[in-house]
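Please read this briefing alongside the sequence and the coordinates shown below.

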Amino acid sequence: MTTSVARGRPDAGLWPVDVTHRHVDANGIRLHVALAGPDDGPLVLLLHGFPEGALCWREQVEPLVRAGWRVAVPDQRGYGTSSKPASAHAYALNLLARDAIDLAAALGHDRAAVVGHDWGGVVAWHLLTHHARFVQRAVVLNAPHPATMLGHALTHPSQALKSAYVAFFQLPWLPEASLEAGHHALLRRALTSTSRPGAFDDALLDAYAAAWSEPGALTAMLNWYRALAFAPRLAPQRITVPVRIVWGDRDAALDAALAERAAGQCDLAEVVHLPECTHWLLHEDAERVNELIVEFLAAACPA
């Protein structure tokens, strides 16, 4: 495990001052992870989605540290300065979930609380389903349960239309060219046009753009979607770990009803809707999101 200081990083100054940056060997790759909080505190993993990276959680770190947590925020494989395997097969959900488990083990923990947004939430669902003993509690934000997404899209044409971009991402090279053009103008616009005004400031977008410019990053990020083409169809399994689902109802890509569909896969789930928030609720109402996360995870943190 190596340690690097934030100084000189594109995101320097955007993280809380007490965050330490490391590169950790896990599951045969190397992951960049931002760490904060007491070394002996219980571990919480914050898992980001597309196309943001670890920095999306900058507003959530300090509240969790104050609550006693050891907070680990990785750039998941394909993002930032984490490893970027070339094959789309390297982005299968079972490998993404194993990254989280092995990262926790490298940090000295065999269990963790998990908070996931977007694709990070999908990884959280996989952990809850197939590695329940690893997860103490979980909070999932605007991420559908994989077992419910297809059925919902087939019966709700509006969702099928919203998901059309996933088919575009399956194409070779053209999505990369489109996302890279004009200094990543399409990615920037995708964030700012589907969020409330002011959710993404220039400094945050510039830090994201620097991460998108890492060699191989765009292909690796798209490979999360391309791996869907050969994902096995697994029989749904009941989730027994307590879960809180938080959903911004003005999500431009995901129907709000997917929150209840996901809860239907769980024995101990509760759903909280934020009617005025979009997909990017972490940025739009950080205070409320933080309250919902810290409150729910408190049962797993002795502090």
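**Helix 9 and its surroundings**

The buried residues of helix 9 pack against helix 2 (93-106), helix 3 (119-130), helix 6, helix 7 (174-193) and helix 8 (202-212). The model is a predicted one, and its local features are reported for residues with pLDDT of at least 70.

- Helix 9 is mostly covered, since 9 of its 10 residues are buried.
- The buried residues of helix 9 are A217, L218, A220, M221, L222, N223, W224, Y225 and R226.

**Packing of helix 2 on helix 3**

- Two of the helices that helix 9 packs against, helix 2 and helix 3, also pack on each other, at an angle of about 85° and with their axes 9 Å apart.
- Because angles of 65 to 115 degrees count as roughly perpendicular, helix 2 and helix 3 are described as roughly perpendicular to each other.
- On the helix 2 side, the contact is made by L93, N94, L96, A97, A100 and I101, and on the helix 3 side by W119, V122, V123, H126 and L127.

**Aromatic residues**

- A search of the whole structure finds 11 aromatic pairs, and one of these is the edge-to-face pair of Y165 and F169, with 5.5 Å centre to centre and 75° between the planes.
- Y165 and F169 are 4 residues apart in helix 6 (residues 164-169), which means that about one helical turn separates them.
- In general, an α-helix has 3.6 residues a turn, so residues three or four places apart point the same way.
- Y225 is itself buried, with a relative accessible area of 4%.
- Y165, F169 and Y225 belong to one aromatic cluster, which also includes F50, Y79, W119, F168 and W224.
- A contact of another kind involves R137, which lies over the face of F296 at 4.4 Å from the ring centre.

**Strands and their pairing**

- Strand 2 (residues 20-26) and strand 3 pair in the antiparallel sense over 7 bridges, and within this pairing H23 stands opposite H32 in strand 3.
- The hairpin formed by strand 2 and strand 3 has 2 residues between the strands, and N27 takes a positive phi near 55° in it.
- Strand 3 (residues 29-36) is mostly covered, with 7 of its 8 residues buried.
- Strand 3 also pairs with strand 5 (residues 70-74), again in the antiparallel sense, over 4 bridges, and the bridge partner of V33 in strand 5 is P74.
- Strand 5 is joined in turn to strand 4 by 3 bridges, the two strands running parallel, and L45 stands opposite A72 in strand 5.
- Strand 4 (residues 43-47) is largely enclosed by the rest of the structure, because 5 of its 5 residues are buried.
- In a regular strand the side chains alternate between the two faces of the sheet.
- In strand 4 both faces are covered, with L43, L45 and L47 buried on one side and V44 and L46 buried on the other.

- L64 lies in helix 1 (residues 58-66) and is buried, with a relative accessible area of 1%.
- Leaving aside neighbours within four places in sequence, L64 is in contact with V44 and L46, with W69 and V71, and with I293, V294 and L297.
- L64 and E291 are 227 residues apart in sequence, while their C-alpha atoms are 9.6 Å apart in space.
- R111 has its place in the loop between helix 2 and strand 6 (112-117), and at 38% relative accessibility R111 counts as partly exposed.
- Leaving aside neighbours within four places in sequence, R111 is in contact with L43, R133, F134, V135 and Q136.
- R111 and L43 are 68 residues apart in sequence and 7.5 Å apart in space, C-alpha to C-alpha.

Technical notes:
Residues are numbered from 1 along each chain as its sequence is written. This is a predicted model: local features need pLDDT of at least 70, side-chain atom pairs count only at pLDDT 80 or more; totals for chains, interfaces and linings use all residues. Side-chain values use heavy atoms; hydrogens and water are left out. Buried means under 20% relative accessible area, exposed over 50%, partly exposed in between (1.4 Å probe, protein chains only). Contact means heavy atoms within 4.5 Å. Two strands pair if DSSP finds at least two bridges between them. Rings of Phe, Tyr and Trp (its six-membered ring) pair if their centres lie within 6.5 Å; planes under 30 degrees apart count as stacked, over 60 as edge-to-face and the rest as tilted. A charge sits over a ring if NZ of Lys or CZ of Arg is within 6 Å of the ring centre and within 35 degrees of the ring normal. Axes are lines fitted to C-alpha atoms, for helices over the stretch in contact, and angles run from 0 to 180 degrees between N-to-C directions. Angles under 35 degrees count as roughly parallel, over 145 as roughly antiparallel, 65 to 115 as roughly perpendicular and the rest as oblique.
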